[in-house]
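I opened my notebook to keep track of what I looked up here.

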Amino acid sequence: MPRWGMVIDLEKCTGCQACSTACAMENSRLPGENWQDVLFYTEGEYPHGKLAWLPRPCFHCENPSCVYVCPTGATYKTADGFVLIDWDICIGCKYCMIACPYGVRFYTDEKPLAGPDIKAVFKSNDEHSWNPPWKMPASQENWKRGVGIQPRGVVSKCTFCYHRVSKAPKGTADLSEHDSKTRDFTPACVVACPPSARYFGDLDNPDSEVSKMIANKNGVRLLDQLGNKPQVYYLTGSGGAVPSNRAVRKT
């Protein structure tokens with residue numbers, strides 16, 4: 001069984017946020033709920049300061065703290081590497097949001113920071129939290145996996161496009177937008193990335209492209225010292241870097 005993970009090449013990433021847009025459309029996200037966020041920050045001081053950016057999905061950790069604190073078992077880890085949320089048993093307590101060191105979870109019923117309230121504009125007439133004019137087919141929704149338009153009062157997060165990846169043929173080592181045989185099973189953010197800075201594949205397969213890139217290009221994990229063991233690796237090379245303690249997020 002594969003253990004799916006992602007590699008992001010920061011030397012290639014341009015901060016264009018195509019990943020954010022593609023994810024929002026693929027997964028029917030509320031405005032502001034950026035499952036694929038791009039954080040902009042500055043490092044250094046004048047005259048040597050610089051603007052940088054960091055794409056930040058859910059890291060689908062090998063040792064996820066969000067799973068350990070969930071009182072109902074709604075957040076869970078699958079055998080093939082996904083960290084998912086069962087919306088049928090999520091009670092919206094937000095413990096997982098507090099436990100996640102990466103800030104990649106969202107509570108459906110948070111008051112919007114700016115108007116109009118899009119949920120009020122596109123009201124739902126059923127158990128869904130809203131009824132957007134763009135949405136995935138109802139046949140793809142899976143509340144046990146946190147896929148689709150969520151109900152009210154639950155937490156949502158990136159699923160690594162579970163509804164696509166889980167249908168990949170057995171034995172697949174890499175999912176690529178450049179391969180016609182795997183494109184439909186590849187996460188939307190990977191498919192949409194203009195500079196092809198994202199790679200997705202089986203971390204347990206030594207012959208997969210992601211495994212080779214991590215080994216040969218010194219892949220690093222964000223806040224690795226916390227012990228969560230993220231399944232998203234960054235390639236920094238000489239031109240990119242993960243944020244240091246000197247970084248200041250732009251507001």
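What share of the 251 residues in the chain is buried? I looked it up: buried residues make up 50% of them. Buried means under 20% relative accessible area, exposed means over 50%, and partly exposed is in between, with a 1.4 Å probe and protein chains only.

**Ground rules**

I'm looking at a predicted model, so I noted that local features need pLDDT of at least 70 and side-chain atom pairs count only at pLDDT 80 or more, while totals for chains, interfaces and linings use all residues. Residues are numbered from 1 along each chain as its sequence is written, and side-chain values use heavy atoms, with hydrogens and water left out.

**Whole chain**

I found seven helices and eleven strands in the chain. Helices (H or I, at least four residues) and strands (E, at least two) are DSSP runs, numbered from the N terminus.

Next I checked the overall size. The C-alpha atoms fill a box of roughly 50 × 50 × 35 Å along the principal axes. The radius of gyration is 18 Å, which agrees with the value near 18 Å for a compact globule of 251 residues. That radius is taken over C-alpha atoms, and the globule rule is 2.2 Å times the number of residues to the power 0.38.

I also looked at contacts, meaning heavy atoms within 4.5 Å. Of the contacts with a separation of 6 or more, 61% are between residues 24 or more positions apart. The accessible surface of the chain is about 12400 Å², and carbon and sulfur atoms own 52% of that. Accessible areas come from the Shrake-Rupley method with a 1.4 Å probe; for residues, only the protein chains shown count as cover.

**Nonpolar cores**

Which residues have the most contacts inside the largest nonpolar core? They are Met6 and Phe200, in a core of 36 residues. I wrote down that β1 (4-9), α1 (18-26), β2 (37-43), β3 (50-56), α5, α6 (188-192) and β10 (232-235) each supply at least two residues of this core. Its largest share, three residues, comes from β1. A nonpolar core is a set of buried Ala, Val, Leu, Ile, Met, Phe, Trp, Tyr and Cys residues joined through side-chain atoms within 4.5 Å. In soluble globular proteins, nonpolar side chains tend to be buried together.

I clicked on Phe200 and skipped its neighbours within four places in sequence; its contacts include Trp4, Met6, Phe160, Val165 and Val190. There is also a second, separate core of twelve residues, with Cys70, Val83, Trp87 and Cys96 among them.

Tyr68, Val69, Tyr95 and Ile98 make a nonpolar surface patch of about 470 Å². Both α2 (65-69) and α3 (95-99) supply at least two residues of the patch. I looked at Tyr95, which sits in α3 and is partly exposed, with a relative accessible area of 46%. Patches are made of residues with over 30% relative accessible area and no salt bridge: like charges are joined within 9 Å, nonpolar side chains (Val, Leu, Ile, Met, Phe, Trp, Tyr) within 5 Å.

**Salt bridges**

How many salt bridges does a search of the whole structure find? It finds ten. A salt bridge is a side-chain nitrogen of Lys or Arg within 4 Å of a carboxyl oxygen of Asp or Glu. Side chains of opposite charge can pair when their charged atoms come close.

Lys144 pairs with Asp88, with the closest N and O atoms 3.6 Å apart. This pair links distant parts of the chain, 56 residues apart: Lys144 is in the loop between α4 (118-121) and β7 (155-156), Asp88 in the loop between β5 (83-85) and α3. Lys144 is partly exposed at 40% relative accessible area, and Asp88 is partly exposed at 46%.

**Last stop: Cys100**

I found Cys100 in the loop between α3 and β6 (106-107). Cys100 is buried, with a relative accessible area of 13%. Not counting residues up to four places away in sequence, Cys100 touches Ser65 and Arg105. Cys58 is 42 residues from Cys100 along the chain, and their C-alpha atoms are separated by 9.5 Å.
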